[in-house]
Each structure stands twice: as C-alpha cells, then as structure tokens.
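Hi,

Here is the structure I promised to pass on. Have a look at it first, and then read my notes below.

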Amino acid sequence: MRKLMLFFLMMFSSILFSQFADEDGTQDDPYQITTAVQLNSVRNYNGDAYSETYFLMMNDIDLSDYSPWTPMCNWFRGHFDGGEHIVTGLTIDLPNSDNVGLFGYLDNGEIKNLTIESATVTGREYAGIICGYVFLGNISNCHSSGAVNGVNYLGGITGYVYEGNITEC
C-alpha cells in the first residue's frame, strides 16, 4: 500500500510540476508553450533568478478555461516570444487591483510577437491587455483588441511605461 501511495504521489507531483518538455529555457533552446496550462506556468518564472529565461509560444492558445485570468508575474524579467501566435479568451476581472494584464508587471524583460484578440480586462490602475506596468522593459510587434476598464493608466498594449520601449505595436 505504501508503494502504491508513493507511486501516486510521484505521478501527481510530475503532473503538477512538469511544465515544459525537454527545453532548457535558454535563448537557443527556449521553453516551448503549446497549451494554456504551459502559458499559465510562466507565472512561476518571476524575478531576478529568471532574467535569462526564454519562452516561445508554438501555436494559438485559448484561455477561456482560465477565466477570469490572474495576471502573470509581478516582476517578469524574462523573454517571452509569442511566435506570431494569438491568445484568445483572456478575461480579467480585478477592479480593485493594479498592474493588470496578461502579464502584471514587466521589469526589464521582453515581450514580443504576440497578439491577443477580443480581451476583456478590468483593473484599477495600470491595466493593459498585454501588460499592466512596464518598467525598463521592451514590448515589440504585439497587437491587441478588446476592452480595458479601470480608473487610471489604461491601454490596449500596456497601462503605463516607465523608461521602457513599445515598438511596432
């Protein structure tokens, strides 16, 4: 019985914590995102320790099953490449929260080549579809459509940019 319980615990742990395939998250071998579950897992790569971590979306992703979405990464410092793919089904309903978007706060990181269609984002301050607040980060070749609701600093790509760059969006 003990071996059976250990087996199930190991299986459950591997399901919970196996986020990506065999990639190593480097620029030459980025973590490949093919499912909404894997996109949701990007939130676990937050802060300084992951500033050289790379992600690449491999196909379009529907987030309808993650509605309402909780913004990823309060301090995303990695590199996220949407691979020219589309995210649909993004709904965020956090009227009392700041830094609201697919990504909450981009801090010296990068988001590029991503499209989000027909999103509905509600936050308080610093609300955008791609990212709520950008600090020294770069967003390029990103596109969005939908509605953003809140009190201050709202935008289709990002709510606010402090010494960062938004290009070709």
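Leu 90 touches Leu 63, Trp 69, Leu 102, Ile 116, Ser 118, Ala 119, Thr 120, Val 121 and Ile 129, leaving out residues up to four places away in sequence. Before you go further, keep in mind that this is a predicted model.

Leu 90 also turns up in the largest nonpolar core, which has 36 residues. Together with Phe 80 and Leu 114, Leu 90 is among those with the most contacts inside that core. As for who supplies the residues, β1, α2 (36–41), β2, β4, β6 (103–107), β7 (110–122) and β9 each put in at least two. The largest share comes from β7, with five residues. For background, nonpolar side chains in soluble globular proteins tend to be buried together.

**Aromatic rings**

There are 16 aromatic pairs in the structure. Take Tyr 31 and Phe 55: the ring centres are 5.7 Å apart and the planes sit at 40°, so this pair is tilted. Tyr 31 belongs to strand β1 (residues 31–33) and Phe 55 to strand β2 (residues 54–57), so the pair ties together parts that are 24 residues apart in sequence. Are these two buried or exposed? Both Tyr 31 and Phe 55 are buried.

Now for Phe 135 and Tyr 162: with ring centres 5.5 Å apart and planes at 0°, the pair is stacked. This pair links distant parts of the chain too, with Phe 135 in strand β9 (residues 131–135) and Tyr 162 in strand β13 (residues 158–162), 27 residues apart. On accessibility, Phe 135 has a relative value of 25% and counts as partly exposed. Tyr 162 is also partly exposed, at 36%.

Back to Tyr 31 and Phe 55: they are part of one aromatic cluster, along with Tyr 45, Tyr 50, Phe 76, Phe 80 and Phe 103.

Arg 43 lies over the face of Trp 69, 5.0 Å from the ring centre.

**His 85 and what it touches**

His 85 is in strand β4 (residues 79–88). The His 85 side chain reaches the backbone oxygen of Met 58 at 3.2 Å. Setting aside neighbours within four places in sequence, His 85 is in contact with Met 57, Met 58, Asn 59, Asp 60, Asn 113, Leu 114 and Thr 115.

Which residues does a cis peptide bond join? Ser 67 and Pro 68, with omega at about 0°. Pro 68 is in the loop between β3 (61–62) and β4.

Then there are two positive phi values to look at. Asn 113, one of the His 85 contacts, has a phi of about 55° although it is not a glycine. Asn 113 is found in strand β7, and with a relative accessible area of 16% this residue is buried.

Tyr 126 has a positive phi too, about 60°, and is not a glycine either. Tyr 126 lies in strand β8 (residues 125–128). At 19% relative accessibility, Tyr 126 counts as buried because the cut-off is under 20%.

Over to you!

Note on methods
Residues numbered from 1 in each chain as written. Predicted model: local features only at pLDDT ≥ 70, side-chain atom pairs only at ≥ 80, totals over all residues. Heavy atoms only, no water. Phe/Tyr/Trp six-rings, centres within 6.5 Å; stacked < 30°, edge-to-face > 60°. Helix = DSSP H or I, 4+ residues; strand = E, 2+ residues; numbered from the N terminus. Buried < 20%, exposed > 50% of the residue type's maximum accessible area, 1.4 Å probe, protein only. Lys NZ or Arg CZ within 6 Å of the ring centre and 35° of its normal. Polar contact = N/O pair within 3.5 Å; in protein donor to acceptor, adjacent residues only side chain to side chain. Contact = heavy atoms within 4.5 Å. Core = buried A, V, L, I, M, F, W, Y, C linked by side-chain atoms within 4.5 Å.
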